[in-house]
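These are my notebook entries on a structure that is new to me. I set down what I looked up, in the order in which I looked it up.

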Amino acid sequence: MKSTKNIETIAIHSGSKHWSGSRGIASPMEPATTYEHDITGYQEGDFIYSRYENPNRLQLEQLLCSLEQGEACASFSSGVAALTAMFMSVPKGAHVLIPEDMYHGSRSLLETFANQWGISYSSVDTTNLEAFVEAIQPETKLALLESPSNPLLLITDLEKTIHVAHQKGVSVCVDNTFSTPFNTNPIVYGADFVMHSTSKFLGGHSDIIGGAIITAKTDAQFDAIRIIQRKQGSVPSPFDCWLLARSIRSFPHRMRMHNQNAWEIAQFLITQDSVEKVFYPGLPSHKDHEIAAAQMKGFGGMVSLLIDGDGNRALEIVGRTKIIRRATSLGGIESLWEHRRSSEGEHSTTPENLIRFSVGLEHVKDLAEDLAQALK
Ligand code: PLP
């Protein structure tokens with residue numbers, strides 16, 4: 001539900017109601033797996049068993065829901081667990097449309113399980129509206145969008161794409177992990193569902209794996225997602241929920257700096273001779289810069305670059321940095337970069353000379369200095 005408050009205020013105050021009588025300003029972490037029944041037996045609305053519901057999860061879900069301006073949220077033990085629930089909530093026999101460029105693990109989830117779930121899928125360039133419309137089949141029930149996409153940072157026009165999907169009776173889920181609710185709220189552009197890997201910018205410290213689905217309205221499909229969450233049990237622990245909610249309190253301020261550092265790093269990288277191309281939606285040279293400027297408050301903390309050379313040259317450069325660490329994943333306070341194709345494995349279609357860079361919160365001059373010596 002749309003709040004009249006700004007995201008900095010929402011992040012601090014939403015989901016802060018707690019059930020202990022202490023009146024502590026910080027919420028307690030409640031590890032209990034089970035709860036004592038009333039003398040008259042279990043009463044509707046009481047906590048009963050932690051897999052089903054618990055105070056820390058309720059707080060986290062309220063917080064994520066407010067950040068994304070949704071009506072309800074179901075949190076999960078990882079981003080792929082959240083996507084699993086999303087895909088399992090579509091009816092058997094349905095078709096799911098996915099982007100050509102997307103997180104390789106999301107595609108791999110469908111490659112591995114779509115048959116078992118009784119659904120089919122195909123991919124399309126979601127940045128091309130005509131191609132997107134043509135790719136919708138009579139059985140298509142769900143389209144997944146990623147904007148910016150992983151790893152090419154392609155931008156999909158959310159409002160137009162969601163509008164045409166709805167005209168054809170297709171629901172839309174936006175993976176908002178890269179953009180984050182600081183930069184974009186897909187529900188404002190009509191999305192039915194927003195998905196997050198909370199392991200990234202929302203967690204922000206490379207120490208929590210988690211995921212979430214936020215829904216624009218509590219309809220039958222969201223009820224199915226809630227049932228999958230509770231019965232299948234891929235749920236975050238009370239500690240994970242507590243820690244994630246704690247991280248989110250300062251998320252907007254971290255994200256503002258991620259946006260700024262990444263923007264400066266992208267400007268720096270385009271001046272480097274050993275860099276063939278920089279993918280960053282904030283650069284006027286980005287194919288869909290204008291769409292990004294219209295639908296994003298900032299351009300995000302991720303930058304991808306093509307090295308002038310082959311895969312070995314890219315690997316060599318990745319190996320040379322002293323501050324920027326070599327690792328997959330993203331969204332933490334520390335800068336990470338990786339030779340993306342190596343991380344994606346043998347079926348990767350990512351260019352062999354592509355490096356994906358998650359720009360952290362170190363001083364940007366130190367990052368530029370580290371890059372300059374690595375790119376020499
Ligand atoms: N979506 C995107 C865009 C991602 O980058 C990732 C992970 O890297 C995921 C989903 C999956 O999230 P998790 O690793 O938390 O399962």
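**Entry 1: Two domains**

I began with the domains and found that the C-alpha centres of domain 1 and domain 2 lie 26 Å apart. The model I am reading is predicted. The domain assignment places domain 1 at residues 7-248 and domain 2 at residues 251-375 of the protein chain. I noted that 35 residues from domain 1 and 38 residues from domain 2 take part in the contact.

I then looked up the area buried between domain 1 and domain 2, and it is about 3,100 Å². Carbon and sulfur atoms give 59% of that area. Which three residues supply more than any others of the area that domain 1 buries against domain 2? I found Ile155, Phe182 and Phe201, which supply 24% of it.

**Entry 2: Polar links between the domains**

I looked next for salt bridges between domain 1 and domain 2, and the count is one. I also recorded a salt bridge between the side chains of Glu8 and Arg256, at 2.4 Å from N to O. For polar contacts, I found 17 residue pairs between domain 1 and domain 2.

I asked which helices each supply at least two residues of the side of domain 1 that touches domain 2. The largest share, four residues, comes from H7. By residue class, that side of domain 1 divides into 17 nonpolar, 15 polar and three charged residues.

**Entry 3: The loop between S4 and H6**

I turned to the backbone and listed its cis peptide bonds in one loop. The bond from Ser147 to Pro148 is cis, with omega near -5°. Pro148 is placed in the loop between strand S4 (140-146) and helix H6 (158-167). The bond from Asn150 to Pro151 is also cis, with omega near 10°, and Pro151 lies in the loop between S4 and H6.

I found Leu153 in the loop between S4 and H6 as well. Leu153 is not a glycine, yet its phi is positive, at about 55°. Is Leu153 buried or exposed? I noted a relative accessible area of 1%, so Leu153 is buried.

I recorded another positive phi in a residue other than glycine: Ser329, with a value near 75°. Ser329 sits in the loop between strand S10 (325-326) and strand S11 (336-339). Its relative accessibility is 25%, so Ser329 counts as partly exposed.

Side chains of opposite charge can pair when their charged atoms come close. I followed Glu61 as a case.

The side chains of Glu61 and Arg57 meet in a salt bridge at 3.8 Å, N to O. Both residues lie in helix H2 (residues 55-67), four residues apart, about one turn of the helix. Glu61 also forms a salt bridge with Arg226, whose closest N and O atoms are 3.2 Å apart. This pair links distant parts of the chain, with Glu61 in helix H2 and Arg226 in helix H8 (residues 220-232), 165 residues apart.

I checked how accessible these residues are. Glu61 has 6% relative accessibility and therefore counts as buried. Arg226 is buried too, with a relative accessible area of 17%. I also noted that both Glu61 and Arg57 are buried.

I found Arg356 in strand S12 (residues 354-358). Its relative accessible area is 3%, so Arg356 is buried. I recorded a polar contact from the side chain of Arg356 to the side chain of Asn150, at 2.8 Å. The side chain of Arg356 makes a polar contact with the side chain of Glu338 as well, at 2.9 Å.

Glu338 also forms a salt bridge with Arg340, the closest N and O atoms being 2.8 Å apart. Arg340 counts as buried at 2% relative accessibility, and Glu338 counts as buried at 5%. Which residues do salt bridges with shared partners join into one network here? I noted Glu338, Arg340, Glu344 and Arg356.

Notes:
Residues numbered from 1 in each chain as written. Predicted model: local features only at pLDDT ≥ 70, side-chain atom pairs only at ≥ 80, totals over all residues. Heavy atoms only, no water. Domains from an automatic or database assignment. Contact = heavy atoms within 4.5 Å. Buried area = accessible area lost by both parts, 1.4 Å probe. Salt bridge = Lys/Arg side-chain N within 4 Å of Asp/Glu carboxyl O. Polar contact = N/O pair within 3.5 Å; in protein donor to acceptor, adjacent residues only side chain to side chain. Nonpolar A, V, L, I, M, F, W, Y, C, P; charged D, E, K, R; others polar. Buried < 20%, exposed > 50% of the residue type's maximum accessible area, 1.4 Å probe, protein only.
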